[in-house]
Amino acid sequence: LALTYNGGTYAVMMGTPRDLRDFSIGFSLTEGIVQSADEIESVDVVALDDGIELRMWLASEKAARISERRRHIAGPTGCGICGLESIAEAVRPVAVVPRGRIFSPTGIMAAMAAVAPLQALNIETRAVHAAAFWPPLHGIVAIREDVGRHNALDKLAGALAQQKLRAGDGIVLLTSRVSVEMVQKAASMGVPLMVAVSAPTAL
């Protein structure tokens, strides 16, 4: 998957070719390229012989942000920070998340148990990650899958942005470990709590 902004390639990475509009918007938000989905004027998903190009157009004043964090190498599925130009970019300050609501242990366990039956692609392949959003009053309202856990979370971020759902009202559920870049992305979404089936890394 190649992500391009205003005609220039920003990043190339492996990914699962589903929910690519969500991915385009979510990646743009969690990487800080845009602050709102409304800043993206258009998204075109273009199938090529050897991959898929996600072509986005931003207003000219927004396009200037892109050069601040452009990736120069292809990013594999397993790493969310490969290709960054500096360590400072890899451990950039995390967004401040407003105080959220309180979630009960019973609710959290019920939310996690609800994820697996909704993973349509993983039921077929047993090989993809999921990111889901669970507001207590509604249950899981969005779930996205991808071979890469970062991509799954970006797809979820894009879905929430397009549905105008407030991330502060619920929990993000992950089927993967919690790495520093996953925390950065979740914080940029405004999520008060992230729950995963695996352990966090030292950062």
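Predicted model: local features only at pLDDT ≥ 70, side-chain atom pairs only at ≥ 80, totals over all residues.
Helices and strands here are DSSP runs, numbered from the N terminus. The phi of D19 is near 55°, a positive value in a residue other than glycine. Most residues other than glycine have a negative phi. Partly exposed covers the range between the buried limit of 20% and the exposed limit of 50%, so D19, at 35% relative accessibility, counts as partly exposed.

With a relative accessibility of 64%, R126 counts as exposed.

## A four-stranded open sheet

Four strands form an open sheet in the order β6-β5-β7-β8, and the pairing is mixed. The edges are taken by β6 (142-146) and β8 (194-196); each has a single partner strand, so one side of each has no neighbour in the sheet. On average, neighbouring strands of this sheet are turned by 15° against each other, direction ignored.

Which strand do four bridges join to β5? That strand is β7 (residues 171-174), and the two run antiparallel. Among the residues involved, A131 has L174 in β7 as its bridge partner.

## A helix on the sheet

Helix α4 (residues 105-113) packs on the sheet and touches β5, β7 and β8. The direction of α4 makes about 50° with that of β7.

Conventions:
Residues numbered from 1 in each chain as written. Heavy atoms only, no water. Buried < 20%, exposed > 50% of the residue type's maximum accessible area, 1.4 Å probe, protein only. Pairing = 2+ DSSP bridges. Axes fitted to C-alpha atoms, helices over the stretch in contact; angles between N-to-C directions. Contact = heavy atoms within 4.5 Å.
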